[in-house]
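Please open the model in your viewer and keep the selection tool at hand. The stops below go from one selection to the next, with a short note on what is found at each.

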Amino acid sequence: MPEQEHHWVMVIDLDRCNGCQACVVACHAENNVPTVGAEGVVHGRAMHWLHVERFWEGEYPDVKARFVPLMCQQCGHAPCEPVCPVFATYHNEVENINAQIYNRCIGTRYCANNCPYIARVFNWFDPEFPEPLNEQLNPDVTVRRRGIMEKCTFCIQRIRRAEENAAAEERPLNDGDVQPACAQSCPTEAITFGDLGDPESRVARLVRSGRSFRLLEELGTEPAVVYLKEGDVYVG
Amino acid sequence: MSVEAAPLAWPQEEAPQEKLMLDPRPPEEMNEMVLNAMKKTGWRYWTVVGGLALLVLIGLVGAWGYQILEGMGVAGIRRPVYWGVYITNFVFWIGISHSGTFVSAILRVFRAEFRRPFTRAAELMTSFALVVAGMYPLIHLGRTWRFYWMIPYPNQRQLWPNFHSPLEWDMLAIFTYLVGSTIYLYLPLIPDLAMARDRSTGWRRRLYRLLALGWRGTEAEWHHLKTAINIFAFAIIPVMFSVHTIVAWDFGMTMTPGWHSSIFGPYFVVGAIFSGVSAVVMVLVIVRKAMKLDYFLRPEHFDALGKIVLVFSFAWTYFFFADYLTEWYGGEAVSRELLTLQAHGPVAPLWYLMLITNIVIPWLTLWNRRVRTSPRLMFFITFSINVGMYIERYIIVAGNLTRNRLPFDWGVYNPSLVEILISIGSLSTFILLYALATRLLPLIPVWEVQEGQFAHSLRRIGRSLVPSITELD
């Protein structure tokens, strides 16, 4: 088994998230995720790798909106991995990331059914990128065709690029070198990305802060996405 | 005071001559009956075949082709309901395929004599239902044209399929069952094919000569055939159990709410036999009427099958109750949500209909011998049971996926026109294959009936006639 170099972790501070959805747009742009139009969204065909779940708390007029940005949790013990008959979804031991190999996928959608976070999206049709979106496709990321499962990759192309840059400059990878599109675009800096293996990294300090929890932790999926509880009124 | 003693009558439910085994006719007359039923094709038959072929074209070439070209989006499935009618149909048809093995192999192993005239009709159902069921894993694939990547063969990608995946187990189990049950269908067919060969002319003679493998009916041939049938009858039973258990594990192995259950294996097997035996009754009623096989298929057979259906209705209810009660008592939030959904949600009418067709109707009617011996009533009862069993699979597959642990992603699922057309097309495929087979293969295992009649006799003991059976094996 190859040696694990990094333990990539994303920390999302729910106290900072204001539900602006900039991360969703950035994710679409970075990863060549097609849009499906309002009708498609209503029909449950939205392709967002990352979506902001909104929950209402309290009774009118004392209502508060809560936002939970949710993407593939990159589980350490992922339910989607063993059920795939063709190894299209498998565990990348080096990056500790739950990888999806588009070319292998035959579209059984079994992985999506077994994902407790409903984080996976399916290409119901061939993707369409209407003008001028076709001009800004990311050359680092494959465009997927119909019948294939896909999901958040932790922007693995950016991780690779940062590693290559560091290697070219003959220096170790520094904390903050890797920025997924969602983290880069977040105006309130609610999303932090980094290596949990480095005890001094920002994510390691945030995980230790005492506010951290993981979604559906009781299922034992060991997600690599850590949420920070809201400091004010969170009862949990 | 003296009481006139009433003559002591043997508690006969029916005159012994009403039983096929005790009502023998000359073998040649019986052969003629089966061959004539096979060779007769009227305009009505060809209308039905033509209509079915049209439906198959619309469903499997038209609708499925459209889906392959356009993408899975033309089906109604949507996040989070990634599996819908296709997988429901798959489970349903696998269930139907259990009838042949159950009715034929298990009854053969236990030497239930009433099985003799209808084993073949049931075995044919198994093979054709498996063909239809086997299409669904392909139909539901996002990239159907890459289905062969699930087959373990050395390839240029240097990649085996994932043997940890229940879908892989599924594929291997279904393939084994299809091969095994087809051989099991073929073996007892050989003497009848030889019989047909010796009594037909033209293309039929050439066909049966090929299929009968040179059967002459020597002592050694019979010995080998009986041994082979015996081996297959025993061997196919565990394969049958494994197939539907593994289909159930497609669901049970996941951590999806409503699916993750250790009882699903036996629960699905019982449900499969319940709907499968019901389907055998439906087919027998139709075949008996359409092909005028009243001599072979008698009220006694519907009576016996009716008892099996009733017993499996009890068994199914037991498993359903055990599964439901465990979920409800456990009281996990999402389980509670699912159970509420079944009782009050959009699937509630279906759920209550299922309880009526699977429990109320069989329990209220099938205890009655007069109901069981009426082919018409049996047809309606078994038809409604199959409707109910389809609903059961639909609620388990599609209904359970509409709710999950994170409430933001709850959804609604409604089948689309494409899904409905493909479902109708596959049902038509099954009926079409069966309709064609009834005109190509002897539907009644004549030699088995004759063998049974040879072994049965009526013995007079005192004033009453007692049926007795000679052990042949």
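Begin by selecting B:Ile391, which lies in helix H15 (residues 375-401) of chain B; helices (H or I, at least four residues) and strands (E, at least two) are DSSP runs, numbered from the N terminus. The model is a predicted one, in which local features need pLDDT of at least 70 and side-chain atom pairs count only at pLDDT 80 or more, whereas totals for chains, interfaces and linings use all residues. Residues are numbered from 1 along each chain as its sequence is written, while chains are lettered from A and ligands numbered from 1 in the order in which they are written.

B:Ile391 counts as buried because it has 22 C-beta neighbours inside 10 Å; a residue is buried if 20 or more other C-beta atoms lie within 10 Å of its own, exposed if 12 or fewer, and partly exposed in between, with C-beta atoms placed from the backbone. Leaving aside residues up to four places away in sequence, B:Ile391 touches B:Leu350, B:Leu353 and B:Met354, where contact means that the C-beta atoms of two residues, placed from the backbone, lie within 7 Å.

Next, select helix H11 (residues 299-330) and helix H13 (residues 348-365) of chain B, whose axes come within 10 Å and cross at roughly 140°; axes are lines fitted to C-alpha atoms, for helices over the stretch in contact, and angles run from 0 to 180 degrees between N-to-C directions. That angle makes H11(B) oblique to H13(B), since angles under 35 degrees count as roughly parallel, over 145 as roughly antiparallel, 65 to 115 as roughly perpendicular and the rest as oblique. Which residues in H11(B) and H13(B) meet? B:Val309, B:Leu310, B:Ser313, B:Trp316 and B:Thr317 in H11(B) meet B:Asn358, B:Ile359, B:Pro362 and B:Trp363 in H13(B). The residues of this contact divide into 6 nonpolar, 3 polar and no charged, where Ala, Val, Leu, Ile, Met, Phe, Trp, Tyr, Cys and Pro count as nonpolar, Asp, Glu, Lys and Arg as charged, and the others, Gly among them, as polar.

Staying in chain B, move to helix H2 (residues 43-70), whose end C-alpha atoms are 39 Å apart, in agreement with the 40 Å that its 28 residues should span at 1.5 Å a residue; the expected span is 1.5 Å times one less than the number of residues. The buried residues of H2(B) are B:Leu52, B:Val56, B:Gly59, B:Ala63, B:Trp64 and B:Gln67, and what covers them includes helix H5 (119-139) and helix H16 (417-440) of chain B. H2(B) is followed by B:Gly71, with a positive phi near 125°.

Now turn to chain A. Select A:Tyr60 and A:Pro61, joined by a cis peptide bond with omega about 5°; A:Pro61 is found in the loop between strand S2 (51-57) and strand S3 (64-70) of chain A. A:Cys155, in the loop between S7 and helix H5 (156-168) of chain A, has a positive phi near 50° although it is not a glycine, and with 27 C-beta neighbours inside 10 Å A:Cys155 counts as buried.

Finally, show both chains: 32 residues of chain A are in contact with 34 residues of chain B. On the side of chain A that touches chain B, the largest share, 3 residues, comes from H4(A).
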